[in-house]
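I have kept to what can be read from the coordinates.

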Amino acid sequence: MSVTEMFSCIQGFLSADQDVREDIRKVVQNLEQTAREILTVLQSVHQPAGFKDIPSKCARARELFCSVRTQMGELKTKFPAEQYYRFHEHWRFVLQRLAFLAAFVVYLESETLVTREEVAQILGIEVVREKGFHLDIEDFLAGVLIMASELSRLAVNSVTAGDYSRPLRISNFINELDSGFRLLNLKNDPLRKRYDGLKYDVKKIEEVVYDLSIRGLAKEAESGGDK
Amino acid sequence: MNKREGEGWSRRNAEAAQERDVHANSASPVIAAFKVFQQELDTRHDKHERLVKISRDVTIESKRAIFLLHRVTSVPDAERPPILNEAEGKLEGVRQKIGQIAEELRGEDIFQFHRAFTAGIQEYVEAVSFLHYIRHRGLISLEEINARLVFMKAENPDPKDPAEAAPSGAHVLTFQVTPADYLLGVADLTGELMRLCIGSVGNGDIDTPFQLSQFLRQIHDGFSYIGNTGPYEVSKKLHTLRQSLGKVEDACYALRVRGSEIPKHMLADVFCSRTAHLDTEEGVV
């Protein structure tokens, strides 16, 4: 094979590759749009008025996740299933955001940590690589970490809205999450960088809890809850 | 006030730490989930480290093969085959190592770990295409490279599950060099060819430089044809390629111009000094 033939063969491969990337980018743009819409719906829980209406906001978000599932289905058709990691960078960011949103919805509904299976099910994808388009574990963990900083914000705002018991529950939850992350041996990678931010979220929530307890507000909330 | 606040903090922190420990010990679902994550991440990182290690070995051995091949210019024709055979032997060793990579990647997505071994593979492409050029004066194709990266592995009887060990006894493993890695390896090859060219001028070989300049021009045209459709690293290497090509073309120019003036028997001396001149130029820049 001559040099020229060889290069034109490779050129053909490269432009096919670019076409695939172009297709993926289009679908990912739609996914980002939907993710922003869900985020807007969920952001309103930080408003004083939003606290009373968390279930309906979660329901609305769940509806929007339906279109995420369709878009994910479309994304799956854009490239061969076994080449997931070749194009991973294109949807890594949006997948982390979506994992965060799914985890946040589940937390608001049941105050528990979402499992990876649940996130995968909400997004309409698989858990393990062998079965097709899946949720990479690092992306899942990154999503959970984004949720932690969202929760520290929620703790502050729930105090403002007069809900004094929520910060205590968030504190317990975040502490558990923190001890969970301590079990991991992270490398010096983006996930580790993000994990390093978790301690500030923990600190922030502890401050809120502290402020509440020295003023006796935490007790009040507890007894109020018992009644 | 300050002091009391400080006390409050330390107590609060101690409590929090205690709480954390209690949680860590308890079998809460969160902790249980994270134990699974820990395992999965550790497995993945271990595999990555093993691949990086193999890739380093591949790089080192390939570099040695390239150095060995550079010696062919300074020996008489009769002594070349042993050197080529020795290089071939080294590359066979490298292929065994790539076989280990293929073994590690069995059932995995090769792009997930691609960053771990891409450097080694590029170096291998460089070495194998260099050998191919010296032997055949042509560019090795991607298919030819991939065709040699097929490995037969004897099936190890699985100690955990002997029933599952295949009775056929062997399986075939292949390793596919990606077109991008091939391209980057070929870009590196041009640097070696430039060295080969200058080296052979130094030895009074006046045919090789012309062949090389032609070959390099073809490769350069190929890379220009690809332009910026390729990965980012390719456009970076294109610059170095131009420099290499420039040096080779200068050498050919000098041969042509001064070759007609100087009697044949003095050529070698002229080009020895010409290379010395080139080298000092390089030193200055």
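The points below take the fold of chain A and then its interface with chain B.

1. This is a predicted model, and every value that follows was computed from it. Chain A has nine helices and zero strands, so that its pattern along the sequence reads α-α-α-α-α-α-α-α-α.

2. As for overall dimensions, the C-alpha atoms of chain A fill a box of roughly 85 × 35 × 25 Å along the principal axes. Of the 227 residues in chain A, 52% are buried, and the chain exposes about 10400 Å², with carbon and sulfur atoms supplying 50% of that area.

3. Within chain A, if one takes the contacts with a separation of 6 or more, 76% of them join residues 24 or more positions apart.

4. Turning to the interface, 44 residues of chain A are in contact with 46 residues of chain B. The area buried between the two chains is about 4200 Å², and carbon and sulfur atoms give 66% of it.

5. The rule finds three salt bridges across this interface, one of which joins the side chains of Arg116(A) and Glu40(B) at 2.8 Å, N to O. Eight residue pairs, with both residues at pLDDT 80 or more, are counted in polar contact between chain A and chain B.

6. On the side of chain A that touches chain B, helices H1 (3-43), H5 (137-160), H6 (166-182) and H8 (198-214) of chain A each supply at least two residues, and H6(A) gives the most, with ten residues. The residues of that side divide into 21 nonpolar, ten polar and 13 charged.

Methods. Residues are numbered from 1 along each chain as its sequence is written. Chains are lettered from A and ligands numbered from 1 in the order in which they are written. This is a predicted model: local features need pLDDT of at least 70, side-chain atom pairs count only at pLDDT 80 or more; totals for chains, interfaces and linings use all residues. Side-chain values use heavy atoms; hydrogens and water are left out. Contact means heavy atoms within 4.5 Å. Buried area is the accessible area (1.4 Å probe) that two parts lose on being put together, summed over both. A salt bridge is a side-chain nitrogen of Lys or Arg within 4 Å of a carboxyl oxygen of Asp or Glu. A polar contact is a pair of N or O atoms within 3.5 Å; within protein, one must be able to donate a hydrogen and the other to accept it, and residues adjacent in sequence count only if both atoms are side-chain atoms. Helices (H or I, at least four residues) and strands (E, at least two) are DSSP runs, numbered from the N terminus. Ala, Val, Leu, Ile, Met, Phe, Trp, Tyr, Cys and Pro count as nonpolar, Asp, Glu, Lys and Arg as charged, and the others, Gly among them, as polar. Buried means under 20% relative accessible area, exposed over 50%, partly exposed in between (1.4 Å probe, protein chains only). Accessible areas come from the Shrake-Rupley method with a 1.4 Å probe; for residues, only the protein chains shown count as cover.
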